[in-house]
Amino acid sequence: MKKEKIGLLLELAIQVTAGMLVGGVISKLTLDHLDRELEQMIVARQSNGKAGVIAAVDAIRKDSSAPYKITIEEEPVATSQAGLDFTDEESQQLMKLAMAEAENQGVIGKALVMCVVKNRVESDQFPNTIEDVIFQPGQFSPVSDGRYYEAVPDEECYEALEWVINYWDGSAGALYFEANYSTATWHKENLEELFTYCDVTFYK
């Protein structure tokens, strides 16, 4: 077996294990299925230097039958597109906000924060730039209380940014999020609740 195939097989095993650790459901993991996944990853890596991990990232989807489970599809397909185009400044702004809002929520939690910002930029209800969305008065508490300015993005922030740049989006179109309070809040009373991840509930 070639070294590249061995390396990809190890990478696939790591991705499968990671999926289980975040509460995911790995469907039909037969030997044949693993072989197909491995061959796809080899082809993807040859056609796109960013494939491999991105192939698995692109395959993560929201399971509509349960409140935010992570699943890997039967036939994940890697993208060879160039990815979303954020400036260096926008990338730093997204990572700082994600760090301040979701420091203890892993790569997925940080990526979801970035997706909410992107969704707002694309919505007629909010400003049309990343900077204006983040700094819109009264919208994100870390900006209001100063935590944003002290936030230093960690490695998870960089990974989350790469997910989002390569079209991962598990946000279901969310435009808002808040800590999962048991009491009534403005969000609960005025918005459509979508899902809860960790201790954060997302709305639109």
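**Figure 1. Overview of the predicted chain.** A residue is buried when its relative accessible area is under 20%, exposed when over 50%, and partly exposed in between (1.4 Å probe, protein chains only). Buried residues make up 46% of the 204 residues in this chain. The model is predicted: local features need pLDDT of at least 70, side-chain atom pairs count only at pLDDT 80 or more, and totals for chains, interfaces and linings use all residues. Residues are numbered from 1 along each chain as its sequence is written, and side-chain values use heavy atoms, with hydrogens and water left out. The chain has 10 helices and 6 strands. Helices (H or I, at least four residues) and strands (E, at least two) are DSSP runs, numbered from the N terminus. A contact means heavy atoms within 4.5 Å. Among the contacts with a separation of 6 or more, 63% come from residues 24 or more positions apart.

**Figure 2. Helix H4 against helix H5.** H4 spans residues 88–102 and H5 spans residues 106–122. Their axes come within 9 Å and cross at roughly 125 degrees. That makes H4 oblique to H5. Axes are lines fitted to C-alpha atoms, for helices over the stretch in contact, and angles run from 0 to 180 degrees between N-to-C directions. Angles under 35 degrees count as roughly parallel, over 145 as roughly antiparallel, 65 to 115 as roughly perpendicular, and the rest as oblique. The H4–H5 crossing is right-handed. A crossing is right-handed if the near helix is turned clockwise from the far one by less than a right angle, and left-handed if anticlockwise. From H4, the contact takes in Leu94, Met95, Leu97, Ala98, Met99, Glu101 and Ala102. From H5 come Gly106, Gly109, Lys110, Val113, Met114 and Val117. These residues divide into 9 nonpolar, 2 polar and 2 charged. Here Ala, Val, Leu, Ile, Met, Phe, Trp, Tyr, Cys and Pro count as nonpolar, Asp, Glu, Lys and Arg as charged, and the others, Gly among them, as polar.

**Figure 3. Helix H5 against helix H9.** H5 also packs with H9, at an angle of about 50 degrees and with the axes 8 Å apart. The two helices are therefore oblique to each other. H5 passes H9 in a right-handed crossing. On the H5 side, find Gly106, Val107, Ile108, Lys110, Ala111, Met114, Cys115 and Lys118. They meet Glu156, Cys157, Glu159, Ala160, Leu161, Trp163 and Val164 in H9. The residues of this contact divide into 10 nonpolar, 1 polar and 4 charged.

**Figure 4. An open sheet of strands S4, S6 and S5.** The 3 strands lie in the order S4-S6-S5, with antiparallel pairing. The edge strands are S4 (176–179) and S5 (193–197), and each pairs on one side only. The twist averages 25 degrees from one strand to the next. S5 and S6 (residues 200–203) are joined by 4 bridges. Two strands pair if DSSP finds at least two bridges between them. Glu193 stands opposite Tyr203 in S6.

**Figure 5. Two loop residues with positive phi.** Ala172 is not a glycine, yet its phi is positive, about 55 degrees. Ala172 sits in the loop between H9 (155–165) and S4. Its relative accessible area is 37%, so Ala172 is partly exposed. Cys198 is not a glycine either, and its phi is positive at about 55 degrees. Cys198 lies in the loop between S5 and S6. Cys198 counts as partly exposed because its relative accessibility is 48%.
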